[in-house]
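Here's a quick briefing to read with the model open beside you. It walks through helix pairs first, then the sheets, then a couple of single residues.

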Amino acid sequence: MVEQTVISDKILILSDKPDRQVRQLRRAFAKLGTETIFCPLADIAFDTRYPSGIAIPTLDGKLPAGVIVRSISGGSFEAITRRLGILHALTQLGVPVWNSAKAIERCVDKSTTTFLLAAAGVPTPETFAVEGHANARAVVKREVPHGLLVLKPLFGSQGRGIRLIRSIDDLPDPDEVDNVYYLQRLVLRSGPPYRDYRIFVSNGEILGMMGRCADGWITNIARGAKAELVVGPLRSKLAELALAAAAAVATDFAGIDIVQGCEGNLLVLEVNSMPAWTGLQSVVPVRVADCIAQAMVALVSPQATERPAA
């Protein structure tokens, strides 16, 4: 007789802490009559005593009906590899995981995001990702005469660690960037104030968008930028580009960052697979957590309560 992996009717929300977005998600699922559990991904174990091979706190060997990945804490290469392995395993077991490990890997690594966007024909700034100070110097020497560059952490968010590269002398030492240099062409914009746009995509639909306005050229809400409502014909162009970017990276939900150059051209800067939406909610009426919960419940509700162990 084949052992059965029992599927619970609970949705698992993975996050380092029960932040505002987690609380909103739990309330949204509760309104739909769906129970949620919450824990950090680091607390889930591979455990071959169970038919699934996965041990999740409070589920007693069962698997969740679905998983929402809100955040993954930092850690060693080994720790992150194991945590992503858990997400890969849950997908292998047939559990819907938003976002999947593959999508998260593609988004967290900015160089892979850029590669996939360019391969799909989605406009994005010229980008160069190299290892070693000598290779970075060669890129800067070759490219700066054609326009300034921006150095970003390969794994980073909220505008931290970004610096303008005007010459070779602006390059940091290798140990400051783990010997990896992710360099992107600076998109010239009118300003100050400076603007870019964050578009929230879920399940192939646009949930909302906002402009981010700041006195400086770094326009993250976490760095003090102000959220603005987006109106006019620009909305349809942003929506089309955001949907194309989400499809190129294969995210279930994402925050797409788009910038408009001085000549009116729109370019995708990043795709965020674990985006916050507090700033967005301050300018749009749609409730992001409700939309995510509704889409996940619609996906998992037809599922059977048991499936064969892998």
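At roughly what angle do the axes of helix α2 and helix α3 cross? The answer is roughly 140°, with the axes of α2 (residues 77–92) and α3 (residues 101–108) coming within 8 Å. Keep in mind that this is a predicted model.

**Helix α2 against helix α3**

- On the α2 side, the contact is made by Leu84, Leu87 and His88.
- On the α3 side, look for Ala101, Lys102, Ile104 and Glu105.
- Sorted by class, this contact of α2 with α3 has four nonpolar residues, one polar and two charged.

**Helix α1 against helix α8**

- Helix α1 (residues 20–31) packs with α8 at an angle of about 50°, and their axes are 8 Å apart.
- These two helices are therefore oblique to each other.
- The α1/α8 crossing is right-handed.
- From α1, the contact draws on Gln24, Leu25, Ala28, Phe29 and Lys31.
- From α8, the contact residues are Ala289, Asp290, Ile292, Ala293, Met296 and Val297.
- By class, the contact of α1 with α8 comes out as eight nonpolar, one polar and two charged residues.

**The parallel sheet**

- Four strands make up an open sheet in the order β3-β2-β6-β7, and the pairing is parallel.
- The edges are taken by β3 (36–39) and β7 (97–98), each of which pairs on one side only.
- Helix α8 (residues 288–300) packs on this sheet and touches β2 (11–14), β6 and β7.
- The direction of α8 makes about 155° with that of β6.
- Within the sheet, β2 and β6 pair in the parallel sense over four bridges, and Ile13 has Ile68 in β6 as its bridge partner.
- Strand β6 (residues 66–69) is joined to β7 by two bridges, again in parallel.

**The antiparallel sheet**

- Five strands form another open sheet, ordered β14-β13-β12-β15-β16, with antiparallel pairing.
- At its edges are β14 (226–229) and β16 (266–272); each has a single partner strand, so one side of each is left without a neighbour in the sheet.
- On average, neighbouring strands here are turned by 30° against each other, direction ignored.
- Helix α6 (residues 234–249) lies across β12, β13, β15 and β16, and runs at about 45° to β16.

**Strand β12 and its partners**

- Strand β12 is mostly covered, with eight of its nine residues buried.
- Nine bridges link β12 with strand β13 (residues 205–214) in the antiparallel sense; one of the pairs puts Ile199 with Met209 in β13.
- The β12 and β13 strands form a hairpin with two residues between them.
- In that turn, Asn203 has a positive phi of about 55°.
- Strand β15 (residues 253–260) is joined to β12 by six bridges, running antiparallel.
- In β15, Asp257 is the bridge partner of Arg198.

- Is Ser202 buried or exposed? Ser202 is buried, because its relative accessible area is 3% and the cut-off for buried is under 20%.
- You'll find Ser202 in strand β12 (residues 194–202).
- Leaving out residues up to four places away in sequence, Ser202 touches Leu207, Asp252, Phe253 and Ile292.
- Ile292 also turns up in the contact of α8 with α1.
- Ala79 is found in helix α2, and at 21% relative accessibility it counts as partly exposed.
- Ala79 and Ala222 are 143 residues apart along the chain, and their C-alpha atoms are separated by 27 Å.

Key
Residues numbered from 1 in each chain as written. Predicted model: local features only at pLDDT ≥ 70, side-chain atom pairs only at ≥ 80, totals over all residues. Heavy atoms only, no water. Pairing = 2+ DSSP bridges. Contact = heavy atoms within 4.5 Å. Axes fitted to C-alpha atoms, helices over the stretch in contact; angles between N-to-C directions. Nonpolar A, V, L, I, M, F, W, Y, C, P; charged D, E, K, R; others polar. Parallel < 35°, antiparallel > 145°, perpendicular 65-115°, else oblique. Left-handed = near helix turned anticlockwise from the far one by under 90°. Buried < 20%, exposed > 50% of the residue type's maximum accessible area, 1.4 Å probe, protein only.
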